[in-house]
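Good morning, and thank you for coming. Please look at the sequence and the structure while I take you through some of their features.

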Amino acid sequence: MLRSVPATESFRTQADIAPSFSIAQLPALVAQHGSPLLVLDCDSVREQYRALQAALPYVTLHYALKPLPHPAVVATLAYEGASFDLATSGEVDLVRAANVAPERCIHTHPIKRPSDIRYALDYGCSVFVVDNPNELEKFIAFKDEADVLIRLSFRNPQAKSDLSKKFGCSPQQAIEMMQLAKDWGIHVKGLSFHVGSQTLTADKYVAAIRACNDIIRSTAALGLPAISTLDIGGGFPVSYCEEVPNIDVFCAPIRAALDELPETVHVIAEPGRFIVAKAMTGAASVMGQAQRDGKTWYYLDDGLYGSFSGIAFDHGHYPISAPFSTGEVQSCVLAGPTCDSIDVISEDIALPVLNNGDLIVSQVMGAYTSATATEFNFFPKAKIVVFGASNTDSVSSIA
Ligand SMILES: *Cc1c(COP(=O)(O)O)cnc(C)c1O
């Protein structure tokens, strides 16, 4: 692995950082901004980025925008010296608006239209991902401007979301595509993979890195152009209701596997969830309640079609509590506001007896929550209030 200098870290003085967010502030924030509310704490984004960078010191971290494409997250990470992982033209617009240098971006959607490629190239992003010959062929037209990474598939049925089911090719197909690229004059810069989101053990990364190392060494022996980049994807886990290992411990076997790569290979990663999951805290209010089959149902102003959409799309289990209510604890049902019967957040959760208007607090709500929320039934999405952004103008501003 190429031990290049890690991204510049810029430490700021305490003076330009706003006071940190704490849950105790939620009632006042809801009184000011309304309910439902999501608080985005950029101090947490910064902390998570630095923790992952320390755990993978020679790896360039490209934040994958998909889990939380928020301008304050982009500004905070850009200020930290992070790089970015884009997948759509909308994501290109978001980093461009934040004045991110396009050289710090890669475009990793394996399937795109020529117009999407043109759009990213016009911004200045010139590294793209392909995983099949049909897609590779599109790059003949862009061969003088674009480099490609070939995405491999390593199945991971245990992950929250097995991202190697929909995308990626086999090692043999990758080698065949490298040969095709050579014939077509397209520059293959490297290999990439995504072991699956919220991957709980490092062995999936280790096996994928070793398989890529074999490809890197065997293609060099075949006389194919040298591979200079390995992209180890995202998937790094965070603790929701269950604890996961600390990121430094988690990454130790990954660091060891990366050390086996040829020295000329530069390693990059595409973390999404790990960077932002802890950064958002939700507040929702009880709109009404009913007794059904001996149980209390509380109907909240946020639900499965809103900030809790991750329950449906991301298999999410968020720590939920009612820290401002003091009644006796009992088992209850928490439901969302829409008229749809699947809009239930929890069928069985122990909470104090709640009054209408009481606040329900949900944590670890930063990744794949508001990003996938809808306004079904005309229930508006939760407003996002920002704390601690690097752009001091936007500190405590509303998104
Ligand atoms: C979603 C995605 C990521 C981010 O994955 P996390 O599991 O959130 O870290 C990275 N790269 C690609 C290509 C993705 O689709």
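Let me begin with a definition: two strands are said to pair if DSSP finds at least two bridges between them. Helices (H or I, at least four residues) and strands (E, at least two) are DSSP runs, numbered from the N terminus. The model is predicted, so local features need pLDDT of at least 70 and side-chain atom pairs count only at pLDDT 80 or more, while totals for chains, interfaces and linings use all residues. Residues are numbered from 1 along each chain as its sequence is written, and side-chain values use heavy atoms, with hydrogens and water left out.

I turn now to the strands. Strand 10 (residues 280–292) and strand 11 (residues 295–300) run antiparallel and are joined by 6 bridges. Within this pair, Ala290 stands opposite Trp297 of strand 11. The hairpin of strands 10 and 11 has 2 residues between the strands, and Asp293 takes a positive phi near 50° there. Strand 11 also runs parallel to strand 13 (residues 329–335), to which 4 bridges join it. Here Trp297 stands opposite Val333 in strand 13.

Next come the helices. Two packed helices are described by the angle between their axes and the distance between the axes. The axes are lines fitted to C-alpha atoms, for helices over the stretch in contact, and angles run from 0 to 180 degrees between N-to-C directions. How do helix 8 and helix 9 pack? Helix 8 (residues 203–221) and helix 9 (residues 247–258) meet at an angle of about 10°, with their axes 9 Å apart. Helix 8 is therefore roughly parallel to helix 9; angles under 35 degrees count as roughly parallel, over 145 as roughly antiparallel, 65 to 115 as roughly perpendicular and the rest as oblique. Contact (heavy atoms within 4.5 Å) is made by Tyr205, Val206 and Ile209 of helix 8 and by Phe250, Pro253, Ile254, Ala257 and Leu258 of helix 9. These contact residues divide into 8 nonpolar, no polar and no charged. In this scheme Ala, Val, Leu, Ile, Met, Phe, Trp, Tyr, Cys and Pro count as nonpolar, Asp, Glu, Lys and Arg as charged, and the others, Gly among them, as polar.

Finally, I come to the loops. Pro319 is found in the loop between helix 11 (309–313) and strand 12 (320–321). Which residue lies 43 places from Pro319 in sequence but 5.7 Å away in space, C-alpha to C-alpha? That residue is Ser362. With neighbours within four places in sequence left aside, Pro319 is in contact with Tyr240, Cys241, Val361, Ser362, Gln363 and Val364.

Another proline, Pro36, lies in the loop between helix 1 (26–33) and strand 1 (37–41). A cis peptide bond, with omega about 0°, joins Ser35 to Pro36. In the loop between strand 7 (187–193) and helix 8 we find Gln198. The phi of Gln198 is near 55°, a positive value in a residue other than glycine.
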